[in-house]
Amino acid sequence: MRLNNKIALMTGIGQGMGRATAKLFAQEGAKVILTARTEEKLQETATQIQNLGGTSIVVPADVSAREEAKSVISKIIEEFGRLDIIYSAAGGNFDPSRKLQDVDEKFFDQTISNTVNSLYNLVHEARPIMKNQGGGSIVSVAASFGVRQEGNSAYGAAKSAVIGLTKNNK
């Protein structure tokens, strides 16, 4: 098992690709911490992981808020003493049919916050911990097709920002 005893914090895992990735991480031996704003989908994912014999813990939080991201990281360190992997697929407002004229300021700000701030907050809180323990991995999901989609400039801008943040995270 490639991730045996690794501690993995995973966001954006409520359904689809994210859920499949969380299940795969657990099947590969990782202890998976699932976080998102909505607990119901997290519990569904956790149950599926546990039914496969994996270990998962649900920590509901809005990691686009700095203090909540800090709290999640603190809970992980208290529980496990380390954090080996962050898988950040948090985001939202994927709606390819939404044209620029349909994107108001609230929608735009929410999309940027959910997607970019979530990654930034987790990375900012986790980097010193990972550095002190000798390393770790940060996986950020930018959904390349979504960045080039014809509609929804907010989603495209947010996922493009994820690419920029990831490439400049040294």
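1. A polar atom of the Thr21 side chain lies 2.8 Å from the backbone oxygen of Met17. This model is predicted, so local features need pLDDT of at least 70 and side-chain atom pairs count only at pLDDT 80 or more, while totals for chains, interfaces and linings use all residues. Residues are numbered from 1 along each chain as its sequence is written, and side-chain values use heavy atoms, with hydrogens and water left out.

2. Thr21 belongs to helix H1 (residues 16-27); helices are DSSP runs of H or I with at least four residues, strands are runs of E with at least two, and both are numbered from the N terminus. Thr21 counts as buried because its relative accessibility is 15%, buried meaning under 20% relative accessible area with a 1.4 Å probe and protein chains only.

3. Apart from neighbours within four places in sequence, Thr21 is in contact with Met10 and Tyr87, where contact means heavy atoms within 4.5 Å.

4. Five strands form an open sheet in the order E3-E2-E1-E4-E5, with parallel pairing; two strands pair if DSSP finds at least two bridges between them. Strands E3 (55-58) and E5 (137-140) stand at the edges with a single partner strand each, so one side of each has no neighbour in the sheet.

5. Strand E2 (residues 31-35) runs parallel to E3 and is joined to E3 by four bridges. Lys31 has Thr55 as its bridge partner in E3. Helix H2 (residues 39-51) packs on the sheet and touches E2 and E3.

Key
Buried < 20%, exposed > 50% of the residue type's maximum accessible area, 1.4 Å probe, protein only. Polar contact = N/O pair within 3.5 Å; in protein donor to acceptor, adjacent residues only side chain to side chain. Axes fitted to C-alpha atoms, helices over the stretch in contact; angles between N-to-C directions.
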